Amino acid sequence: ISVYQKRRDLLCEGLGSAGYEFVKPEGAFYLFPKTPIEDDVKFVAELQEENILTVPGSGFGGPGHFRIAYCVADSVIEKAMPGFERVLAKYRK
C-alpha cells in the first residue's frame, strides 16, 4: 500500500503545483482531475500528444474530468509532469 500512497502523493503534488483541480483519493489507484475545458475527450487527446495516457472522464460518468492511474513507476510520473504543465498552460488566461 505504501508504494501506491507514495505514487499518489507524487502525482497529486505535481498536478496540484501545475494548477490542476482534483480531490485527493483515499484508497484508489487513480486520480480524477478536472479538465480546463469542457471537452474532456479533446483534452485527453492533447495529453496523448505529450505521450501521457489518460481516459476521458465522460466514459466514467464524469464529463469535464480525466482519469489517470498511478500504478506506474515513479519515474514515469516525474517525466510526465512537464507535459501536463504544457497542456494546461494552453488554456490558462
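Tutor: Let's start with a term: a salt bridge is a side-chain nitrogen of Lys or Arg within 4 Å of a carboxyl oxygen of Asp or Glu. This is a predicted model, where local features need pLDDT of at least 70, side-chain atom pairs count only at pLDDT 80 or more, and totals for chains, interfaces and linings use all residues. Residues are numbered from 1 along each chain as its sequence is written, and side-chain values use heavy atoms, with hydrogens and water left out.

Student: What is the mean pLDDT of the protein chain?

Tutor: pLDDT is the predictor's confidence in each residue, from 0 to 100. Here the mean is 95, and 99% of the residues reach 70 or more.

Student: How many salt bridges does a search of the whole structure find?

Tutor: Six. One of them joins D74 to K6, with the closest N and O atoms 2.8 Å apart. The two lie 68 residues apart, D74 in helix α3 (residues 74-89) and K6 in helix α1. Helices (H or I, at least four residues) and strands (E, at least two) are DSSP runs, numbered from the N terminus.

Student: Is D74 buried or exposed?

Tutor: Buried means under 20% relative accessible area, exposed over 50%, and partly exposed in between (1.4 Å probe, protein chains only). D74 is buried at 18%, whereas K6 is exposed at 52%.

Student: Which residues are linked with K6 in a network of salt bridges?

Tutor: R7 and D74.

Student: And how do I read strand pairing?

Tutor: Two strands pair if DSSP finds at least two bridges between them. Strands β1 (residues 30-31) and β3 (residues 66-69) pair antiparallel over two bridges, with L31 opposite I68 in β3.
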